[in-house]
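Welcome! Here is a short briefing to read alongside the model.

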Amino acid sequence: MKAQAKPALTLALSKGRIFDETLPLLKAAGIEVLEDPEKSRKLIIGTTNPELQVVLVRASDVPTYVQYGGADLGVTGKDTLIEHGGQGLYQPLDLQIARCRVSVAVRSDFDYASAVRQGSRLKVATKYVGIARDFFAAKGVHVDLIKLYGSMELAPLTGLADAIVDLVSTGNTLKANHLVEVERIMDISSRLVVNQAALKLKQDPIRHLIDVFARTVAARQT
Ligand code: PRP
């Protein structure tokens, strides 16, 4: 049996908002994905363009896949990109999707302003250790960082930490856990990232996708 030819381009996406909000951009390029990742367990999904396949990876792994050529392109949040460091990645476009913010949140009965003013040492739980370290260092606040991989909201409720640094979108998760947002660190949106070697070797199809995405993003801003 003849082996099927591998599609020329591989795009790394993570399930959830990034996947959902990338679909309309692909559609603008005349491309539709052939499976719903919420229904299928497949990790490689074909598209209506035989030259493009999508691989589903964890959000924090997208930059790594693209850096080492496991995927030619990927869509990743600015938060994830900062934590990764961006080595080996060409970052041509802010796609303005999956918008949210990185913020500091505490229990509603915790006096954050006084703690910071008095120069207390704050215990901060977060998945975003790099962002948190830089933010508090710039403020001159001493922190002990506790690395977590999810459910950050639980940390102040259980006494694991005084504060968390986490993504906030609607604010519903904070509210449901009696936490309040006390500082907004940065606004986040998702970026297109491209493997630098792929950009040279597969210039035409990659440039084409970048151009269509760029035009679609620009049209949405007007
Ligand atoms: C993110 C974040 C918050 C939530 C915020 O979690 O960590 O928990 O979304 O959204 P909201 O302000 O609209 O309530 P996500 O669902 O991405 O999963 P994670 O815990 O794996 O980061």
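A polar contact is a pair of N or O atoms within 3.5 Å; within protein, one atom must be able to donate a hydrogen and the other to accept it, and residues adjacent in sequence count only if both atoms are side-chain atoms. This is a predicted model, where local features need pLDDT of at least 70 and side-chain atom pairs count only at pLDDT 80 or more, while totals for chains, interfaces and linings use all residues. Residues are numbered from 1 along each chain as its sequence is written, and side-chain values use heavy atoms, leaving out hydrogens and water.

**Around the ligand**
- Residues with a heavy atom within 4 Å of the ligand include Lys127, Glu153, Asp166, Thr170 and Gly171.
- Oxygen atoms of the ligand lie 3.0 Å from a side-chain N or O atom of Asp166, 2.5 Å from one of Thr170 and 2.7 Å from a polar backbone atom of Gly171.
- Of the 500 Å² of accessible area (Shrake-Rupley method, 1.4 Å probe) that the ligand has on its own, the protein covers 61%.

**Helix 1**
- Helices are DSSP runs of H or I with at least four residues, and strands are runs of E with at least two, numbered from the N terminus.
- Ile18, Phe19, Thr22, Leu25 and Leu26 of helix 1 are buried, meaning under 20% relative accessible area (1.4 Å probe, protein chains only).
- These buried residues fall within an arc of 115° seen down the axis of helix 1, so they line one face; the arc is taken from the directions from the helix axis to the C-beta atoms.
- Gly30, which follows helix 1, has a positive phi near 75°.

Terms used:
Buried < 20%, exposed > 50% of the residue type's maximum accessible area, 1.4 Å probe, protein only.
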